[in-house]
Amino acid sequence: MGKGKVKLVEGGLRHDGRRLDELRPITISVGVLKNANGSALVEYGRTKVLAAVYGPREPQMKHILLPNRAVIRCRYHMASFSTYERKSPTLSRREIELSKVIREALEPVIISELYPRTSIDVFIEVINADGGTRTASVTAASLALAEAGIPMKGLVAGVAVGKIDGYLALDIDEVEDMYGEADMPVAIAPSLRQITLLQLNGVLTPGEFTQALELARKGVEVIHEMQKEALKKKYLDVKVEE
Amino acid sequence: MSVTPSAEFLIPKLKSDVIISMLGRGVRPNGRKVDEVRPITVIKNYIPNADSSVLVKLGNTQVLTGIKLEVGSPFPDTPSEGNLMVNAEFVPTASPVFEPGPPDENAIELSRVVDRGIREARAVDLSKLVIIPGKKVWNIWVDIYVLDHDGNLTDASSIGALAALMLTKLPEVEVRDTGEIVVDRNNRKEQPLLNRSVVTVTIGKIGNYVLVDPDLEEESLLDSKFSVAVTDDGLIAGLQKSGMGYLAEDELPLLVNMALNKGKEILSIVKALLKDS
């Protein structure tokens with residue numbers, strides 16, 4: 001919501017010193033959990049998200065199974081200490097919506113027909129929230145799926161574009177989201193040129209929307225390269241014991 | 001937790017083949033053009049006990065929206081603003097696949113998409129809802145009840161919320177010296193509550209084909225849906241992709257333009273419907 005109380009862009013730079021088209025420092029680690037079939041820890045600046053994938057496996061509740069494909073179960077959850085003020089650990093309406101939106105961001109790339117009558121479970125824990133948690137979640141979940149060996153048509157990566165002080169800005173953080181005019185989270189499978197998540201909270205002109213999408217696409221491409229690097233690193237860094 | 005749904009509404013293969021082959025020729029079995037919205041009817045003030053209400057029919061989809069105004073306290077972080085809450089209930093009368101119980105992820109998503117459009121477009125100026133600054137404000141409850149489901153609940157609900165807000169006028173209030181607030185619902189302010197109109201337009205995608213305002217049969221074939229909140233001055237006030245499919249990068253400008261045009265059309269239809277009758 002644009003309150004206009006905080007100066008977000010000054011001399012072409014943002015409150016944390018970034019340029020408008022600059023991502024926050026991103027770190028990606030794959031295979032961070034022992035028990036999960038696949039896992040990833042993704043950080044966009046101070047935003048820190050953990051994703052774990054279990055499956056394909058037989059679920060506890062058999063009635064959800066589908067005869068022709070695997071079902072995807074997805075939960076986006078924020079840890080109670082992840083926000084400025086403590087968040088109740090029970091699922092909020094926002095978390096219920098985001099669980100759906102994130103599942104639907106992953107559905108198009110997962111080749112679920114290969115595992116009928118099973119469930120592929122994607123569990124996302126936001127450890128620290130500083131804006132862009134849903135897009136970091138998609139980036140992390142897609143890596144966790146890949147590490148779990150689940151056949152996919154491509155990786156998905158997410159990033160949010162915002163409008164702050166009238167300028168479009170890449171990868172907005174919490175302050176920019178709170179005081180800016182618009183927040184548009186986007187997830188793209190770059191190798192397929194498919195947009196699998198697209199939301200907008202705020203007001204944009206049609207022209208700004210086109211520009212914002214282009215900015216998001218550029219950001220996603222950078223993150224996509226980092227995803228591939230992180231996966232490669234996991235498998236190339238094998239130490240041979242003598 | 002969000003789980004891949006099973007197909008809730010199945011249509012015969014023959015029928016789905018017909019729908020898809022007709023879309024290839026730019027027509028629909030229901031006689032509509034691909035960018036044609038179903039007839040909209042609005043019955044005003046359907047619920048005497050609500051502060052305002054509308055029964056909206058979008059084709060055979062029926063949605064009842066009621067607004068209740070309550071005096072409440074502002075949130076600590078917005079002391080000089082009232083509050084707007086949108087909630088949607090998919091009541092089991094509406095469809096054989098709706099079960100009684102708290103709103104599921106579809107109802108929650110719908111209400112949040114409608115809410116975001118209204119909120120971000122500043123359709124209601126929340127700062128005009130203050131009764132005693134920092135202490136007492138108006139809470140606006142917009143409750144959407146889906147009564148009969150024949151597809152595109154999002155747009156029917158969005159039209160319902162808009163029309164109900166257009167009819168809403170704040171009651172006169174008297175603040176006594178004791179701090180007591182007396183609400184007179186029989187006398188209402190002349191100034192309508194709504195200061196900007198916004199409505200969502202939902203476009204369905206089946207393969208490479210797009211269609212506006214999908215009905216239930218068409219919805220059962222959709223790969224994905226794309227809802228655009230459109231303001232009366234032609235701005236985008238919200239977006240939501242939903243469904244199992246994707247949006248192709250190069251088709252987005254077309255989808256957005258289609259939605260902007262349709263949004264303008266729907267807004268003028270709703271305004272005209274509320275003016276007469």
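This briefing covers a sheet, its helices, selected residues and backbone features in a predicted model. An open sheet of 6 strands takes strands from chain A and chain B. Over all chains, the count of aromatic pairs comes to 2. In chain B, Ser227(B) is in contact with Leu239(B), and Arg185(B) makes a side-chain polar contact with Asp51(B).

**The open sheet**

- The strand order is S3(A)-S4(A)-S5(A)-S7(A)-S6(A)-S1(B). The pairing is mixed.
- Two strands form the edges: S3 (26–30) of chain A and S1 (2–3) of chain B. Each of them pairs on one side only.
- Strand S4 of chain A covers residues 38–44, and strand S5 of chain A covers residues 47–57. These two strands run antiparallel and are joined by 7 bridges.
- Val42(A) has Val49(A), in S5(A), as its bridge partner.
- Strand S5 of chain A also holds Pro56(A). The peptide bond leading from Gly55(A) to Pro56(A) is cis, and its omega is near 5 degrees.

**Helices across the strands**

- Helix H1 of chain A spans residues 93–106. H1 lies across S6 (71–78) and S7 (119–128) of chain A, together with S1 of chain B. Its direction is at about 135 degrees to S6(A).
- Helix H2 of chain A spans residues 133–147. H2 lies across S3, S4, S5, S6 and S7 of chain A. The angle between H2 and S4(A) is about 150 degrees.

**Aromatic pairs**

- Tyr54(A) and Phe123(A) form a tilted pair. Their ring centres are 6.4 Å apart, with 50 degrees between the planes.
- Tyr54(A) sits in strand S5 of chain A and Phe123(A) in strand S7 of chain A, so this pair ties together parts 69 residues apart in sequence.
- Phe90(B) and Phe98(B) make a stacked pair, because their centres are 5.0 Å apart and their planes meet at 25 degrees, under the 30 degrees set for stacking.
- Phe90(B) and Phe98(B) are both buried.

**Ser227(B) and Leu239(B)**

- Ser227(B) lies in strand S12 of chain B, residues 224–231. Leu239(B) lies in strand S13 of chain B, residues 236–242.
- Both residues are buried: Ser227(B) has a relative accessible area of 7%, and Leu239(B) is at 2%.
- The two residues are 12 apart in sequence. Their C-alpha atoms are 5.6 Å apart in space.
- Beyond four places in sequence, Ser227(B) touches Thr154(B), Val201(B), Thr202(B), Gly238(B), Leu239(B) and Gln240(B).
- Leu239(B) has contacts in chain A, including Met184(A), Leu198(A), Gln199(A), Leu200(A) and Phe209(A). Its contacts in chain B include Phe226(B), Ser227(B) and Val228(B).

- H3(B) runs over residues 153–167 and has 15 residues. From first C-alpha to last, H3(B) reaches 21 Å, close to the 21 Å expected.
- H3(B) is mostly covered, with 14 of its 15 residues buried.
- Asn152(B) is in the loop between strand S7 (136–148) and H3 of chain B. Asn152(B) is buried, at a relative accessible area of 1%.
- Asn152(B) has a positive phi, near 50 degrees, though it is a residue other than glycine.

**Two arginines**

- Arg193(A) is in the loop between S10 (182–189) and S11 (194–204) of chain A. Its phi is positive, about 55 degrees, although Arg193(A) is not a glycine.
- Arg193(A) is partly exposed, with a relative accessible area of 48%.
- Arg185(B) lies in strand S9 of chain B, residues 181–188. Arg185(B) is partly exposed, at 38% relative accessibility.
- The Arg185(B) side chain makes a polar contact of 2.6 Å with the side chain of Asp51(B). The Arg185(B) side chain also reaches the backbone oxygen of Leu69(B) at 2.9 Å.
- With neighbours within four places in sequence left aside, Arg185(B) contacts Asp51(B), Leu69(B), Trp138(B) and Pro171(B).
- Val175(B) is 10 residues from Arg185(B) along the chain, and their C-alpha atoms are separated by 14 Å.

Technical notes
Residues numbered from 1 in each chain as written. Chains lettered and ligands numbered in written order. Predicted model: local features only at pLDDT ≥ 70, side-chain atom pairs only at ≥ 80, totals over all residues. Heavy atoms only, no water. Pairing = 2+ DSSP bridges. Helix = DSSP H or I, 4+ residues; strand = E, 2+ residues; numbered from the N terminus. Contact = heavy atoms within 4.5 Å. Axes fitted to C-alpha atoms, helices over the stretch in contact; angles between N-to-C directions. Buried < 20%, exposed > 50% of the residue type's maximum accessible area, 1.4 Å probe, protein only. Expected span 1.5 Å × (residues − 1). Phe/Tyr/Trp six-rings, centres within 6.5 Å; stacked < 30°, edge-to-face > 60°. Polar contact = N/O pair within 3.5 Å; in protein donor to acceptor, adjacent residues only side chain to side chain.
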